[in-house]
Amino acid sequence: MEEMGMTLASNLKRILKYFLVRIIIMAITLLIGVYVVILVANMGGAVDEIRKSEIREAVGRRLLGDENYRIMSSEERQKYAKMLEEIEFKRFGLDQPFLIRSFLYLKQALTLDLGNAERLTSDTGSRKVKLIILERLVPTLVLMMTSFLILFFSALTFALFLSRRYGSFFDKMIIALAPLSAAPAWFYGIFLILIFAAILKILPFGGMVRVPPPDNAFEYFLSLLRHLVLPVFSVLLSSIFISTYNWRTYFLIYSNEDYVEMAKAKGLSSAMIERRYILRPTMPAIVTSFALSLITQWMGSITLETVFNWPGLGRRIYEAISNFDSPVIVGANVIYAYLLATTVLVLDVIYAILDPRVRVEATGGVEQ
Amino acid sequence: MLLDVKNLKFYYQTKRGIVQAVDNISFSIRRNSSLVFIGESGCGKTSLSKAILRLLPRNVAEYSGQIYFDGVNVMEYDDEKFRREIRWKKIAFVPQAAMNALNPVLKIEDQLAEPLLVGGLASTKGEALEKVKEALRVVGFPLQFMKRYPFELSGGMRQRAIIAMALAAKPDLVILDEPTSALDLLTQANIMNELKRIKKEFGLTYILITHDVGTASEISENVAVMYAGQIVELSDAERFFCNPLHPYSEKLLESIPRLRQRRDVLEYIPGQPPSLINPPKNCRFSDRCHRRFSKCDHEPPVFEVDGRIVKCWLYERGE
């Protein structure tokens, strides 16, 4: 009894140590990732030069345009301009070398102190980076999550169905339709808009809700659903066949394992074989695929959002990139990096629950 | 007769043609006896075991014949009835690649108890686990490993677990398809000795499939030699190992290396077995046979010699 308690305690210690190590590794990864993003978003300091010359130009224009400065000699004026520039540089923190500021940015980014945007404003007029990103995150999640969840689970269900009917008509049909996925979702989006909005006039062209938005929550929801139909279907059209095909092949490979045949010899029903001998051993891979695809959705899709005029994060990030608005770029990436790190950590835990082979690594092997 | 197989055919469809893996095989086995199938790789031994258990692949082209189990033709059962009444309860199976025959994410005890619960051989999990423990003791599997996962066990232990899984259901017949071929020599001998003991103690009826003639000579009562999808000789073990009838059996026995006998070159059979896609119409062994004569251009029927069966023109009566 005492011995059992001791092994339990030592196992617990090992598990804690395992997760501590995972968290430290994840934190270091996050640190490096965010720093690289800061370097890239600022073009290694080149963005500073662009902004400095912009400030010089603005100051110069102001001095030239103002009559009060005309009485100054050109030497005096230049000196004065230099002074004004220095004040402006200091205001934006450009007086310090980029290397030092990059670490300051890193600290701010990691503490989610995302600061103010340089050019962009939120739809409500705020310059806060947090607001600029978060107000767009929700519509993106509504669109991307809806289509992703429908896509993932229907592909999985169809794939299981097909793996049972290898070589059947449906199986051959899905294989034949798989090349449809060569075209991206927005391509199908244009077609669907043409058919259902322009010709048949039964669904809206784009946007998230009717303009002006309905006051009633229920009507708002209905309007949202109507606007969701076309973008979700274009995602489904572009991915469902290849996705089903992939999973089907995966299940087929796993249903050829010796233990599946053994389960058959043991007299288990096919439903039971599917559950315990095909789905159960493949569950870690399914969960991984689910989690990793899930986080790629959070960034939104630039083209799909543009085609459907959807107020999503993808379009906002695009605006930020084309305007060199590094605080917004960094902010979006930091939020993304945190989401990614959390997901991977959660995935580690789920993996350890699902797969005994991983669990052993966490508990340091079985005692002999 | 416990099992009586008549004219069993089992063909696969492949891109290059139909593979006649099991071609018109007939044999029978009494209760409490054992039958060993020997033959080269690719002669249809494993296909035969799958055909008896109806573990058909997707590309099956023909599956016909009669399999009488306790006098009932189970080939007439539909899949559901066959699954419920025959599999594991009547005929259990120990597969060839036993290393991979256990589900990697289920504990040993759960996997062993599963067929007992599904087949209604135990009503509660506790009862099933008791039966599992009993079977594990029989095969010499340490009970403290029951709660482990397959990857935490050695190959020999996994093999013992699978044999225990087959024994726990107390089936009438066990088919052992090369149960030890993936193991080292010592473990092989160990498991074979256990099998011998279990057979003696529990009156087990089994079919053992192997390419290892040495193993076969140790443990069998009856021997069937397979060549290119057919049985070429069926005999009791004692007379078979002293005096094989078929030229192929003769060569097969000569190819066993012996410890105390000095030989420079190990005996072997030149050539290869014929392809099972469109096999030749003559005697299938004739191309490699050292006793070939004119009659061998026609397929030989089965001749009976003192209760032994041989498929070779040499034993035609009235010569």
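# A walk through chains A and B

Let's start with chain A: among its contacts between residues at least 6 apart in sequence, 73% join residues at least 24 apart. Two residues count as in contact if their C-beta atoms, placed from the backbone, lie within 7 Å. Keep in mind that this is a predicted model, where local features need pLDDT of at least 70, side-chain atom pairs count only at pLDDT 80 or more, and totals for chains, interfaces and linings use all residues. As for names, residues are numbered from 1 along each chain as its sequence is written, while chains are lettered from A and ligands numbered from 1 in the order in which they are written.

Chain A has 14 helices and zero strands. Helices (H or I, at least four residues) and strands (E, at least two) are DSSP runs, numbered from the N terminus. A compact globule of 368 residues would have a radius of gyration near 21 Å, yet chain A comes out at 28 Å. That radius is taken over C-alpha atoms, and the globule rule is 2.2 Å times the number of residues to the power 0.38. Along its principal axes, the C-alpha trace of chain A spans about 100 × 70 × 40 Å. Of the 368 residues in chain A, 25% are buried. Here, buried means that 20 or more other C-beta atoms lie within 10 Å of a residue's own, exposed means 12 or fewer, and partly exposed is in between, with C-beta atoms placed from the backbone.

Now pick out helix α2(A), residues 46–65. Its 20 residues reach 29 Å from first C-alpha to last, close to the 28 Å expected at 1.5 Å a residue; the expected span is 1.5 Å times one less than the number of residues. α2(A) is hardly covered, with a count of one buried residue among its 20.

For a helix pair, look at α5(A) (residues 129–164) and α12(A) (residues 313–322), which pack at an angle of about 145° with their axes 8 Å apart. Axes are lines fitted to C-alpha atoms, for helices over the stretch in contact, and angles run from 0 to 180 degrees between N-to-C directions. On the α5(A) side the contact is made by I132(A), I133(A), R136(A), L137(A) and T140(A), and on the α12(A) side by L313(A), G314(A) and R316(A). By class, that gives four nonpolar, two polar and two charged residues. Ala, Val, Leu, Ile, Met, Phe, Trp, Tyr, Cys and Pro count as nonpolar, Asp, Glu, Lys and Arg as charged, and the others, Gly among them, as polar.

Two loops of chain A are worth a stop. Most residues other than glycine have a negative phi, and most peptide bonds are trans. The bond from V211(A) to P212(A), however, is cis, with omega near -5°, and P212(A) is found in the loop between α7(A) and α8(A). N309(A) has a positive phi of about 50° although it is not a glycine; this residue is in the loop between α11(A) and α12(A).

Where do the chains meet? 19 residues of chain A are in contact with 25 residues of chain B. The elements giving two or more residues to chain A's side are α9(A) (258–265), α10(A) (270–297) and α14(A) (356–363). The largest share, six residues, comes from α9(A). By class, this side of chain A has nine nonpolar, two polar and eight charged residues.

Over in chain B there is an open sheet of eight strands with mixed pairing, in the order β6-β7-β8-β3-β9-β10-β12-β11. Two strands pair if DSSP finds at least two bridges between them. β6(B) and β11(B) stand at the edges, each with a single partner strand, so one side of each is left without a neighbour in the sheet. Neighbouring strands are turned by 20° against each other on average, direction ignored.

Inside this sheet, find β8(B), residues 206–210: five of its five residues are buried. Y206(B), L208(B) and T210(B) point one way, and I207(B) and I209(B) the other. β8(B) pairs in the parallel sense with β3(B) over five bridges, and with β7(B) over four. I209(B) stands opposite F37(B) and is also the bridge partner of D177(B). β3(B) is joined to β9(B) as well, in parallel, by four bridges, and there F37(B) stands opposite A224(B).
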